[in-house]
Amino acid sequence: MSTLLIEGGQVLLPDMRVVEADVLVDADEGGILDVGTDIEVDADETLDASGGLVMPGLVNAHCHAAMTLLRGYADDKPLDAWLQEDIWPAEAELTADDIHVGTELGLLEMIKSGTTAFADMYFDVAEVVDAIDEAGLRARVGHGVVTVAKDDEGAQADIDESLDIAREFDGAADGRVTTAYMPHSLTTVGESYLRESVAEAREDGIPIHFHANETTDEVDPIVDERDERPLEYADDLGMLTHEDFVAHGVHVDGAEIDLLATRGTGVVHCPASNMKLASGMAPVQRMLDAGVTVGLGTDGAASNNDLDMFDEMRDAAMLGKLATGNASAVDAESVVQMATQGSADAIGVQSGVVEPGANADLVVLDLDSPHLTPAHDLVSHLAYAARGSDVRHTVCDGQVLMRDREVLTMDESAVLARARDHATALVERAE
Ligand SMILES: [Zn+2]
């Protein structure tokens with residue numbers, strides 16, 4: 001067994017207490033062996049955490065990593081116009097190579113800002129998995145299905161691809177990759193298609209991830225047409241189990257919140273995307289109070305415009321207060337919980353805690369900087385003051401992905417150069 005010792009720092013425990021401790025990792029199996037002050041081991045590898053905080057790697061529970069290529073391409077428009085006028089035409093030009101390169105850029109950004117696990121909905125998922133395998137992160141991936149504006153053959157092919165991918169790549173990258181069936185949303189996939197495909201996914205034990213209740217434009221047509229709320233419709237289709245998770249959940253009513261809590265379906269709050277697209281303010285505190293599993297996600301870089309989960313925690317805390325008119329709502333501890341254990345539970349990966357027996361998905365934050373001084377309360381700092389660039393080391397599944405800000409699993413300058421080239425060519429084709 002080869003061991004990794006992270007020494008000399010403070011550690012954020014699952015109950016949000018911060019203690020001085022070292023962390024011992026089984027680098028072969030990828031698990032945490034011990035957290036304590038009396039670890040006497042001649043470790044094969046060490047990481048210096050002095051002056052730092054060892055914390056769980058952040059879990060980005062809803063993302064479209066390759067959309068980093070469209071970062072800053074189209075801003076300042078509502079969701080519908082933004083998708084139809086800018087994003088979908090550009091995405092129609094994406095090649096498998098573009099998706100590989102864009103995913104790499106997203107993974108590089110995640111490693112450098114302390115994210116070790118994420119959920120990804122996109123296309124050409126083989127490329128996404130390949131990039132994840134190389135970079136060393138953990139993820140639940142899937143192919144996003146849209147049937148509107150397709151003929152029956154095209155729609156069926158899209159569904160089959162999503163289901164096939166979910167079967168094929170589950171357990172890839174030494175088990176770091178898991179999968180889900182990912183119909184894009186309740187309005188972009190037709191009812192008969194949903195009914196059939198969800199039954200198929202259920203038969204094979206495949207979890208389901210979809211966008212839900214993101215804007216009123218998405219909710220109203222379902223209510224008008226069916227006389228039921230979108231999540232009641234989803235429940236009727238069998239899409240709300242404890243293995244499933246929905247992105248956004250902005251416009252949900254009390255009955256839908258109860259339904260999510262009863263079914264154990266995770267909700268991924270994406271505050272930056274919801275603010276940028278003026279989608280609305282999710283009732284996050286109400287969902288937490290009702291016992292809903294709430295995670296946190298950046299959504300795609302085109303509607304954020306970065307993948308920094310520290311930004312996302314701050315946005316979630318701020319928006320949660322504004323939404324309720326209550327400064328005590330969505331407090332620091334809640335958002336740190338959401339970005340770690342909440343997200344991990346929502347997407348169904350073993351991650352988000354630093355304790356013996358857990359997967360060694362963790363980061364070391366450098367606390368020695370003006371914006372993190374003094375240190376009255378480190379959980380407050382994580383929610384309100386820390387940035388992705390404060391992350392010094394990143395470890396996933398026991399493997400050191402970044403040491404002293406140097407990414408070891410990717411060639412950073414080559415990834416950036418490729419991303420620039422591919423992004424430029426992509427938007428030229430789309431225009
Ligand atoms: Zn999304």
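Donors are N, O and S atoms within 2.8 Å of the metal (3.2 Å for Na, K and Ca), and sites may look incomplete because water is not among the atoms. This is a predicted model, in which local features need pLDDT of at least 70 and side-chain atom pairs count only at pLDDT 80 or more, while totals for chains, interfaces and linings use all residues. Residues are numbered from 1 along each chain as its sequence is written, and side-chain values use heavy atoms, with hydrogens and water left out.

**The zinc site**

Select the zinc ion together with His 62, His 64, His 211 and Asp 299. The ion is coordinated by NE2 of each of these histidines and by OD of Asp 299, at 2.1 to 2.2 Å. Along the sequence, the donor residues follow the spacing H-x1-H-x146-H-x87-D. His 62 belongs to strand β6 (residues 58-63) and Asp 299 to the loop between β14 and α11, so this pair ties together parts that are 237 residues apart in sequence. Helices (H or I, at least four residues) and strands (E, at least two) are DSSP runs, numbered from the N terminus. Both His 62 and Asp 299 are buried, where buried means under 20% relative accessible area, exposed over 50%, and partly exposed in between (1.4 Å probe, protein chains only).

The angles among the four donor atoms run from 86 to 169 degrees, and the site is irregular. Four donors count as tetrahedral if all angles lie between 85 and 135 degrees; four count as square planar and six as octahedral if opposite donors are over 155 degrees apart and all others between 65 and 115; anything else is irregular.

**His 143**

Next, select His 143 in strand β8. His 143 is buried, at 3% relative accessibility. Its C-alpha atom is separated by 4.8 Å from that of Ser 162, 19 residues apart along the chain. Beyond its neighbours within four places in sequence, His 143 has contacts (heavy atoms within 4.5 Å) that include Tyr 122, Asp 158, Ser 162 and Met 182.

**Backbone exceptions**

Most residues other than glycine have a negative phi, and most peptide bonds are trans. Select Met 16, whose phi is positive at about 75 degrees; the residue is in the loop between β1 (3-12) and β2 (18-26) and is buried, with a relative accessible area of 9%. Ala 149 also has a positive phi, of about 65 degrees. Ala 149 lies in the loop between β8 (138-145) and α4 (152-169) and is exposed, at 89% relative accessibility.

Finally, select the bond from Asn 304 to Asn 305, which is cis with omega near 10 degrees.
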